[in-house]
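Biologist: I have not seen this structure before. Please show it, and then I will ask about it piece by piece.

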Amino acid sequence: MNFKKSFAAIAATTALAGGLSIGGATSASAATYGCGSAGQNNSNAVHKVVVGHLRNGPADSCAQTLSVAPGATFYAWCGVYNKYGNFWVYGRLAGGQTKGWFYSENLTLESGSVNIC
């Protein structure tokens, strides 16, 4: 499944479940989740990593904590729009307790949905 279809599925499911507006970040999500933050587990999505780095917050400026190989399984816990309007997903890598943030364009949705943190 390509990114556009994956993102559309995530956005549509999230919009139905939580009343999400695709227009961008709300001030609460952008202000609440910065570098060093963690999200809560309120989603059931399973993604595959396309490419990317696990970060300690929902922005490219946040510290990279791990470089992740393509094809790795990532369990999405929740997502937020950062102050730039980019959607980031918080969760856990399969096979351990490594948690962090991925930029949504670096993931493909396998199943489930991502709710807003």
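**Bonds, charges and cores**

Biologist: What is the relative accessibility of Cys 78?

Modeller: Cys 78 counts as buried. Buried means under 20% relative accessible area, exposed over 50%, and partly exposed in between (1.4 Å probe, protein chains only). For Cys 78 the relative accessibility is 0%.

Biologist: Which pLDDT do side-chain atom pairs need in order to count?

Modeller: Residues are numbered from 1 along each chain as its sequence is written, and side-chain values use heavy atoms, with hydrogens and water left out. This is a predicted model, in which local features need pLDDT of at least 70, totals for chains, interfaces and linings use all residues, and side-chain atom pairs count only at pLDDT 80 or more.

Biologist: Which cysteine is joined to Cys 78?

Modeller: A disulfide is taken as a pair of cysteine sulfur atoms within 2.5 Å. The S to S distance here is 1.9 Å, and the torsion about the S-S bond is about 85 degrees, so this disulfide is right-handed. Cys 78 sits in strand β4 (residues 73-81), and its partner, 39 residues away, is in the segment after β7 (107-111). That partner is Cys 117.

Biologist: How many disulfides are there?

Modeller: Besides the bond from Cys 78 to Cys 117, Cys 35 and Cys 62 form a disulfide with sulfur atoms 2.0 Å apart. With the bonded cysteines numbered in sequence order, the pairing is 1-2, 3-4. The count of disulfides is two.

Biologist: What is the handedness of the Cys 35 and Cys 62 disulfide, and how far apart in sequence are the parts that this pair ties together?

Modeller: The torsion about the S-S bond of Cys 35 and Cys 62 is about -90 degrees, so the disulfide is left-handed. Cys 35 is in the loop between α2 (27-32) and β1 (45-49), and Cys 62 is in the loop between β2 (53-55) and β3 (64-67). The pair therefore ties together parts whose separation in sequence is 27 residues.

Biologist: Arg 55 forms a salt bridge with which residue?

Modeller: A salt bridge is a side-chain nitrogen of Lys or Arg within 4 Å of a carboxyl oxygen of Asp or Glu, and the whole structure has one. The closest N and O atoms are 3.8 Å apart, and the partner is Asp 60.

Biologist: Which residues have the most contacts inside the largest nonpolar core?

Modeller: A nonpolar core is a set of buried Ala, Val, Leu, Ile, Met, Phe, Trp, Tyr and Cys residues joined through side-chain atoms within 4.5 Å. The largest has 14 residues, and those with the most contacts inside it are Phe 74, Val 89 and Phe 102.

Biologist: Which strands each supply at least two residues of this core?

Modeller: Strands are DSSP runs (E, at least two residues), as are helices (H or I, at least four), numbered from the N terminus. The protein chain has two helices and seven strands. The strands supplying at least two residues each to the core are β1, β4, β5 and β7.
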